[in-house]
Amino acid sequence: MDITVNILLTIATAATPLLIAAIGELVVERSGVLNLGVEGMMIMGAVGGFGAGYLTGSPWIGLLAAIIVGALFSLLFAVMTLSLATNQVATGLSLTLLGLGLSGMIGTSFVGQPGVRLPNLDIPGLSSIPVVGKLIFGQDPVFYISIALTAAVMWFLFKTRTGLTLRSIGDSHTSAHALGIKVIRYRYLAVMFGGACAGLAGGHLSLVYTPQWVENMSAGRGWIALALVVFASWRPWRVLAGAYIFGAVWIGQLHAQAFGIPVPSQFLSSLPYLATIVVLVLISRNKRLTMMNTPASLGQPFVPDR
Amino acid sequence: MKKLLIALMTTAAALSLAASAEAAGKLKACWVYTGPIGDFGYSYQHDQGRLEVEKALGDKVETAYLENVSEGPDADRAFERLAREKCKIIFGTSFGFMDAEVKVAKKFPKVMFEHATGFKTGGNLGIYNARFYEGRYVLGQIAAKESKKGLAGYIVSFPIPEVVMGINSFILGAQSVNPDFKVKIVWVNSWFDPGKEADAAKALFDQGADIIVQHTDSTAALQVAEERKLHGFGQSSDMIKFAPNAQLTSLTDEWGPYYISRVQAALDGTWKPDNVWLGIKDGAVKLAPFTNMPDDVKAMAEATSKKIAGGWNPFTGPVSKQDGSPWLKDGEVADDGTLLGMNFYVKGIDDKLPQ
């Protein structure tokens, strides 16, 4: 029983950063902006979070710093693509490159320094209930944030007027503009929300997952988050499912290896990617519904006066 | 997508190098790393070696490096760029750079090339390596003494001879103390992914291992050991700060002395392509101070290190292969060629070697 609980806990830790970054990117893409800079914002959040935590000794300040750094860094992308109408794909890619390089430079003095770890939630009494205690009441705070965030985004996008407006901008920015909606302002806020989420995901890496700073420590997780959004056809609950399927197969294959099943490890290593794609494609197989969910003006630059 | 990014980054890094080149009369020594120098592991240690060269040879040399160079076609361009930028001696520090270096070395016969951990040489291409397996034998002995369950978890990157050799040496060391010692192996198919290494460590601990060994570069696995109040071994650098109660020792690489001697030789004009394999006795493989263990285990580890420094090879018979067929006869010592091409397990390992 213990091992099952441990495995579930490990899966949650592995899935959390993917989920947070993907939920953020989902909102960005729903507003019609494609930001390929998730990896860069994530790593900046990781170094910012580690640095602030390390210097102040408080992981909470670290986590807050990760969010702020992520949001500020995404502002760069917003100014370029929204105010200056640069190509979103190219700008997003350069944001990733810049983030990876810049974080390495900022983090030089943090290399080899043990950081601070965000403590797990521990509610006296409740956390010690067998099995469910640890799963429900004993995880790291970011896990709860990630679940709350998913629910909040789901509610915001589909149950609020502002969410509806945001989605309409993503579908047709010219129509929205004609209706007098401030397209650029909405998109600025969406991009910064995405940046804050990516930063938080990075903070999770350097303050919870592996409390340390090393260059490139995000190791491609930003790209996985990006792919999750597309394969989940821009639906929050599918992103949640995708992140957890990925996490489960990711952890499962490590256990399978440790258990000694005779399957080549290279195949097992590729399994999380395969499984996630297959499952999400199956859930999204209804072509019409998928078309409906795809933000139609995704990636297109918009200049209000044109 | 990541490959593309790394390619772009390599190019960008190489371009920025051009500016700092060209200093009059100095010998330019260059390094190519596969990871970031901030990995606090393998590439970090090579870069420490580079810094030692700068310190020791002062204004007679100028150094430069390219980091994050992926193994494969990108590496060709990295080496060629450095050669064109007047690097006189170039060190390629990863196994996967082998073919790239062979190719580029032929193109630039006046440049001196050195390749770490490979097996191909040329008229201007030497190879150097460290006998990490010597240290891993000692780790095996410590693990067998310290593990209460007689089971270690081993996190590994790719099934190349270097890694397989390490696993074999580890288990031979462990069996010399406890013949029934077992090891569970997890391949993470990456040299560097802290999150995945941590997950692998958790999986191995969850399945009953109480000691963790790694042949990957980050401190993540040791941090998991620290959290779970279990033990493990560091890799490449001394990682004691990350796991003050968990690290038993760390298998560290000290490339500085070798790099200094080779760059000095290049300065003196006496450089020749060489084929060296440095071990504990040369100081290239070092074990960090033995900690968190009783004195008798410490004494045993020290005695074994001394024995190996004295010339004893951990791959001394009798040793059988995994399937039980004899490999080394009693007293027979494995030759370096076999070790460098090692693609089989010795007896006592349950894992199936990925081919």
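# A first look at Ala65(A) and its surroundings

Leaving aside neighbours within four places in sequence, Ala65(A) touches Gly48(A), Gly49(A) and Ala52(A), where two residues are in contact if their C-beta atoms, placed from the backbone, lie within 7 Å. This is a predicted model, in which local features need pLDDT of at least 70, side-chain atom pairs count only at pLDDT 80 or more, and totals for chains, interfaces and linings use all residues. Residues are numbered from 1 along each chain as its sequence is written, while chains are lettered from A and ligands numbered from 1 in the order in which they are written. The model scores ipTM 0.87 and pTM 0.86.

**Ala65(A) and its helix**

- You will find Ala65(A) in helix α3 (residues 59–83) of chain A; helices (H or I, at least four residues) and strands (E, at least two) are DSSP runs, numbered from the N terminus.
- Ala65(A) is buried because 24 other C-beta atoms lie within 10 Å. A residue is buried if 20 or more other C-beta atoms lie within 10 Å of its own, exposed if 12 or fewer, and partly exposed in between, with C-beta atoms placed from the backbone.
- Between Ala65(A) and Leu200(A) there are 135 residues of separation in sequence, but 8.7 Å in space, C-alpha to C-alpha.
- At 1.5 Å a residue, the 25 residues of α3(A) should span 36 Å, and its end C-alpha atoms are 35 Å apart, so the two values agree. The expected span of a helix is 1.5 Å times one less than its number of residues.
- At Phe77(A), α3(A) bends by about 25 degrees; the bend is the angle between axes fitted to the seven residues ending there and the seven starting there.

**Where chain A meets chain B**

- On chain A, 38 residues are in contact with 35 residues of chain B.
- The elements of chain A that give two or more residues to this side are α1 (2–30), α4 (88–106), α9 (183–209), α11 (236–259) and α12 (265–283).
- With seven residues, α11(A) gives the most to the side of chain A that touches chain B.
- That side of chain A divides into 20 nonpolar residues, 17 polar and one charged. Here Ala, Val, Leu, Ile, Met, Phe, Trp, Tyr, Cys and Pro count as nonpolar, Asp, Glu, Lys and Arg as charged, and the others, Gly among them, as polar.

**Backbone details to look for**

- Most residues other than glycine have a negative phi, and most peptide bonds are trans.
- After α3(A) comes Ala85(A), with a positive phi near 50 degrees.
- Ala219(A) has a positive phi near 45 degrees and sits in the loop between α9 and α10 (221–231) of chain A. Ala219(A) counts as buried because it has 21 C-beta neighbours inside 10 Å.
- Asn68(B), in the loop between β2 (61–66) and α3 (73–84) of chain B, has a positive phi near 60 degrees. Its 24 C-beta neighbours inside 10 Å are why Asn68(B) counts as buried.
- Gly317(B) and Pro318(B) are joined by a cis peptide bond, with omega about 5 degrees. Pro318(B) belongs to the loop between α10 (295–309) and β13 (319–320) of chain B.

- Chain B averages a pLDDT of 89, and 93% of the residues score at least 70; pLDDT is the predictor's confidence in each residue, from 0 to 100.
- Over residues 15–23 of chain B, pLDDT stays under 50. Where pLDDT is low, the predicted coordinates should not be read in detail.
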